[in-house]
Amino acid sequence: MVPMTTTLAVANQKGGVAKTTSVASIGAALAELGQRVLLVDLDPQACLTFSLGIDPEDLELSVHHVLTKGLDPAEVVIETDDGVDLLPATIELARAEADLLTRTGREQVLRGALDDLAASPTATAYDWVLLDCPPSLGVLTVAALTAADGVLIPLQCETLSHRGVGQLLDTVHDVRRFTNRDLEVWGVLPTLYDGRTNHARAVLENISETYDLEVIGPPIPKTIKFAEAPAAGRSILATSRSSKGARAYRDVAVTLMERSKRGGAKAAR
Ligand SMILES: Nc1ncnc2c1ncn2[C@@H]1O[C@H](COP(=O)(O)OP(=O)(O)OP(=O)(O)O)[C@@H](O)[C@H]1O
Ligand SMILES: [Mg+2]
């Protein structure tokens, strides 16, 4: 059977909704399920890179060189203790936005790089590529949506938390029209969820109805354990193996595995 790669962009231009935490945790959970996983840090803040135990300041090469200088991504990919590979970011990526802005085909740079990686005879054939987007709808997020099969929208279930969702969906529609016809919205992932409140549940229902979006569950509970994981350089799946949060992300990984069978994945090599 031809191996298939599912590329999922984790995007929401709202800050602090657990995009990075979700990429790290879902990545680790998929690796536990025996999947080969590549995580791509597309945020100049490099929080994903840092949270996987890598100090961005120690890196000479990063995703920035891949996107703006055409460097072979296989030369930049690092193995991490969480059982996933990482295409790391450094603060230099902040310049990529400006460097790419005047470049023809800038939307395609990430897709091109991932295609190169998939074609490389020495690189791993990944089952999953998860893209950690920055909190904006700029060039890097559009490049991620252009490279992706699907988009997962982490959402904190609070009043007004949905205000940016319409705008994100508009961007998705533009990407579909101009650069990636096959992009699918997989749905919203409720994060920082306090299920004890009726409010959180009501907001969640309201959002999925208003935007006609699927809810990818279970919701990720709000727990203090998440604050401790990044400093340890491991995801919560390793630092707090049996916590509610780790269990929820494992269940989400299973949901995503099932969702990926519905198609949309591209054949790797
Ligand atoms: N389920 C949770 N319970 C408690 N805290 C959480 C949970 N998920 C994430 N956090 C914390 O919330 C903060 C924001 O999370 P994270 O960095 O993953 O969000 P983000 O969407 O990537 O942010 P940004 O938009 O800045 O990139 C972090 O301090 C993280 O540890
Ligand atoms: Mg982040």
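These legends cover close-up views of a predicted model. Local features need pLDDT of at least 70, side-chain atom pairs count only at pLDDT 80 or more, and totals for chains, interfaces and linings use all residues. Residues are numbered from 1 along each chain as its sequence is written.

**View 1. The largest pocket and its lining.** Its volume is about 420 Å³. A pocket is an open set of 1 Å grid points, over the protein atoms alone, where a 1.4 Å probe fits, with protein on both sides within 12 Å along at least five of seven lines; lining residues have an atom within 4 Å of a point. The lining has 28 residues; Ala-18, Lys-19, Thr-20, Thr-21 and Pro-230 lie nearest the centre. Helix 1 (19-32), helix 2 (47-51) and helix 9 (225-232) each give two or more residues. Helix 1 gives the most, with five. Helices (H or I, at least four residues) and strands (E, at least two) are DSSP runs, numbered from the N terminus.

**View 2. Helix 6, residues 139-147.** Nine of the nine residues are buried, so helix 6 is largely enclosed by the rest of the structure. Buried means under 20% relative accessible area, exposed over 50%, partly exposed in between (1.4 Å probe, protein chains only). Among the buried residues are Val-139, Leu-140 and Thr-141.

**View 3. Leu-192, between strand 7 (184-191) and helix 8.** Phi is positive, about 45°, although Leu-192 is not a glycine. Leu-192 is partly exposed, at 30% relative accessible area.

**View 4. The loop between helix 8 (198-210) and helix 9.** Asp-212 lies in this loop. Its phi is positive, about 55°, although Asp-212 is not a glycine. Asp-212 is exposed, at 69% relative accessibility. Pro-218 is in the loop too. A cis peptide bond joins Gly-217 to Pro-218, with omega about 0°.

Terms used: Chains lettered and ligands numbered in written order. Heavy atoms only, no water. Points joined across faces, edges and corners; volume = space filled by probe spheres on them.
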